[in-house]
Amino acid sequence: MNRTADTVAATQERSGGCLCGRIRFTVKGKAAYPHTCSCPHCQKLGGGPMMWWAGFAPKDVTWTGESEPTWFETFEGEAKRGFCPHCGSRLAAIDSDVPDLGIVVTALDDTSGPDLVPVNQSFRDNAVHWLPQVPDTQNSPVG
Ligand SMILES: [Zn+2]
Ligand SMILES: [Zn+2]
């Protein structure tokens, strides 16, 4: 597959899944607003100092494995996080005020896409001091 530094075909399909393989998915097209997040939820749920997110339109995300994520509501009626109940892998997030489905980039089989490079870091105030922060290259209002 050929792709240049900043173009990802709208038809490009990528696969991903959880660690145990019960949950698999594909995403189609270019990722929207790839970013890291150091909010308390990402730290607690992700098990690390930050999580790495990218957005895809819900219609471009297809669950293809033997099961779908279990959803945990982090803010009831507003935000929920999807994970595999068998192996615990984090996979996705749905926020009521964001049209895209958030995909945990590390759940993808190939994380090298140029459209996955974070353009910002959310919740900088809660970031650990010993990791460099992601520059805001998109001047996004988020974070
Ligand atoms: Zn699993
Ligand atoms: Zn977060």
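I count two residues as in contact if their C-beta atoms, placed from the backbone, lie within 7 Å. The model is predicted, and I keep that in mind throughout.

**Entry 1: Ala32**

I began with one residue. Which residues does Ala32 touch, leaving out those up to four places away in sequence? I found Ala54, Gly55, Phe56 and Asp100. Ala32 sits in strand 3, which covers residues 32–37.

Ala32 and Asp125 are separated by 93 residues in sequence and by 23 Å in space, C-alpha to C-alpha.

**Entry 2**

I turned to Ala54, one of the contacts of Ala32. Leaving out residues up to four places away in sequence, Ala54 touches Ala31, Ala32, Pro34, Ile103, Val105 and Leu116.

Ala54 is also in the largest nonpolar core, which has 26 residues. Which members touch the most other members? I listed Met51, Trp53, Ala54, Leu91, Ile103, Val104 and Val105. Strand 4 gives the largest share, five residues.

**Entry 2: the fold as a whole**

I stepped back to the chain. I count one helix and ten strands. Along the sequence the pattern reads β-β-β-α-β-β-β-β-β-β-β. The radius of gyration is 15 Å, close to the 15 Å given by the globule rule for 143 residues, so the chain is as compact as a globular protein of that length.

I fitted a box along the principal axes, and the C-alpha atoms fill roughly 40 × 40 × 30 Å. Of the 143 residues, 31% count as buried. Among contacts with a separation of 6 or more, 54% join residues 24 or more positions apart.

In what order do the seven strands of the open sheet lie? I read 6-7-8-9-4-3-10, with mixed pairing. Strand 6 and strand 10 (120–122) stand at the edges with a single partner strand each, so one side of each has no neighbour in the sheet. Neighbouring strands here are turned by 30 degrees against each other on average, direction ignored.

**Entry 3: the hairpin at strand 6**

I looked at strand 6 and its partner. Strand 6 (residues 70–75) and strand 7 (residues 79–83) run antiparallel and are joined by five bridges. The two form a hairpin with three residues between them. In the turn, Gly77 has a positive phi of about 80 degrees.

I noted two pairings. Trp71 has Gly82 in strand 7 as its bridge partner. Thr70 stands opposite Phe83 in strand 7.

**Entry 4: the record**

Last, I checked the annotation. UniProt, in an unreviewed entry, places the feature "domain: CENP-V/GFA" at residues 14–125. I took that span on the model: its end C-alpha atoms lie 33 Å apart. The span is 6% helix and 43% strand.

How values were computed: Residues are numbered from 1 along each chain as its sequence is written. Chains are lettered from A and ligands numbered from 1 in the order in which they are written. This is a predicted model: local features need pLDDT of at least 70, side-chain atom pairs count only at pLDDT 80 or more; totals for chains, interfaces and linings use all residues. Helices (H or I, at least four residues) and strands (E, at least two) are DSSP runs, numbered from the N terminus. The radius of gyration is taken over C-alpha atoms; the globule rule is 2.2 Å times the number of residues to the power 0.38. A residue is buried if 20 or more other C-beta atoms lie within 10 Å of its own, exposed if 12 or fewer, and partly exposed in between; C-beta atoms are placed from the backbone. A nonpolar core is a set of buried Ala, Val, Leu, Ile, Met, Phe, Trp, Tyr and Cys residues joined through C-beta atoms within 7 Å. UniProt positions are given in the numbering used here, feature names are shortened, and annotations may be inferred rather than shown by experiment. Two strands pair if DSSP finds at least two bridges between them. Axes are lines fitted to C-alpha atoms, for helices over the stretch in contact, and angles run from 0 to 180 degrees between N-to-C directions.
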